[in-house]
Amino acid sequence: MKIHSLEVYIVDLPTIRPHHLAMHTIVTQTIVLACMRSEDGIEGWGEVATIGGASYFEESPEVIKLTIEKYISPLLIGKNPINFDALSHTIGIHVKGNYFAKALVEATMIDLVAKYKNVPSYELFGGQCHTSLPVAWTLASGDTVRDIEEAKHCLETKRHNIFKLKIGKGDPKKNVAHVIKIKEAIGGAGSVRVDVNQAWDEATSLYCIEALEDGGVDLIEQPLMSWNNEGMSRLSSRFKVPIMADESLGTIQEAYQIAKNRAADVFALKVPKAGGLTATKKVAAIAEASGIPMYGGTMIESSLGTAICAQLYSTIPEMKFGTELFGPLLFKDNITVNQIEYENFEIIIPNGPGFGMVVDKEKVKHYSRETVSSIN
Ligand code: MUC
Ligand code: MG
């Protein structure tokens, strides 16, 4: 089998409500799709999502597309995607960083190879440990009453009983009070967690985390800047409530440093941060070797990107903190013919072939920024 072509599309999908993070409010989420075709016409599709252009991570959607088209694609045409890990290694020699672009390309190779073998992609990663995984919902409407209503609806419909609150924007004390009101309204029916998205300094973290711990919050995600592993280490040893690394944890080297310095109690895995599925599996191995529990993170991907993460997370035996693979539920519309299923507070892991999702090319054409003449 040989790679014939690789095409990249930037797609903007509207959300059901504004989603407030510290650095950006999402009303239209941008995803980047790629389609790899073999010479005999098999297609492999991949997706990565970014948040707020280049405001969450360095790579914007435009940079991801350009890097793939100009620097990665020429390395792959004519090569056999069955050797996807070896090809990723070659890409790494020629392209530094650019982990989202690399993750997207690796996903297209894996989808293509798994479809060729007619198996789900998770079979290329040791097979499934889970057929479903717990899934959190992010309460980020910006309004306490609306957030409480959303949480109650999620509990009643057995959709989610884990809630993450984004509290990096605005006054820390007011935000802590907002979280505690929500925890009081939910009580023991659900787990409440917070994501600060790097917005606090250490002094702010000390009093806020103490109040959140006393208020019954179960997990504190990335309170400090991504570079501040020393501070994360001090917070992790000071508090009983676990501190999770998200933005500070990407590559396997970062995972090693965090584990070695105990700069987090929990790892938030995300396939694009690590640069792909194979690298994410290695990050999980570092966590396993260090006795650090894991959480299956999201960049708010649509159904295809969610399937990619879900299939990989399903191969990791211990996912103690569950996942937050809620992305498709935040979108008004989707780019696949079939949908991700949620049941009894869990995401059902899609089955293959490939990542188990069938791309709806008309929808891709409709939401794509460029005129997509090559999709047929
Ligand atoms: C993040 O910071 O974890 C994940 C869920 C959500 O609401 O935002 C993302 C990004
Ligand atoms: Mg986070």
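Which residue forms a salt bridge with Arg37? In this predicted model, the partner is Glu7, and the closest N and O atoms are 3.6 Å apart. The pair links distant parts of the chain. Arg37 sits in strand β2 (residues 25–38), Glu7 in strand β1 (residues 3–20), and 30 residues separate them. Arg37 has a relative accessible area of 12%, so it counts as buried. Glu7, at 21%, is partly exposed, because buried means under 20%.

Side chains of opposite charge can pair when their charged atoms come close. The whole structure holds 17 salt bridges. Another of them joins Lys361 to Glu43, at 3.0 Å from N to O. Lys361 belongs to helix α13 (residues 361–367) and Glu43 to strand β3 (residues 43–49), so this bridge ties together parts 318 residues apart in sequence. Glu43 is buried, with a relative accessible area of 17%.

Lys65 and Glu69 make a local pair. Their closest N and O atoms are 2.8 Å apart. Both residues lie in helix α1 (residues 61–76), four residues apart, or about one turn of the helix. Lys65 is buried at 15% relative accessibility, whereas Glu69 is partly exposed at 39%.

Salt bridges also form a network. Its members are Lys164, Lys166, Asp195, Glu221 and Glu324. Asp195 comes from strand β7 (residues 191–195) and Glu221 from strand β8 (residues 219–221), 26 residues apart. Asp195 and Glu221 are both buried.

Now turn to the nonpolar interior. In soluble globular proteins, nonpolar side chains tend to be buried together. Here the largest nonpolar core has 115 residues. Leu76 and Phe267 have the most contacts inside this core. Helix α3 (residues 99–117) gives the most to the core, with nine residues. At least three core residues come from each of domain 1 (3–119 + 358–367) and domain 2 (124–348). A second, separate core has eight residues, including Ala136, Ile162, Leu219 and Val266.

What does Phe267 touch, leaving aside residues up to four places away in sequence? Its contacts include Met244, Ala245, Leu249, Ala255, Ile258 and Ala259. Also among them are Val283, Ala287, Ile292, Pro293, Met294 and Tyr295.

Key. Residues numbered from 1 in each chain as written. Chains lettered and ligands numbered in written order. Predicted model: local features only at pLDDT ≥ 70, side-chain atom pairs only at ≥ 80, totals over all residues. Heavy atoms only, no water. Core = buried A, V, L, I, M, F, W, Y, C linked by side-chain atoms within 4.5 Å. Buried < 20%, exposed > 50% of the residue type's maximum accessible area, 1.4 Å probe, protein only. Helix = DSSP H or I, 4+ residues; strand = E, 2+ residues; numbered from the N terminus. Domains from an automatic or database assignment. Contact = heavy atoms within 4.5 Å. Salt bridge = Lys/Arg side-chain N within 4 Å of Asp/Glu carboxyl O.
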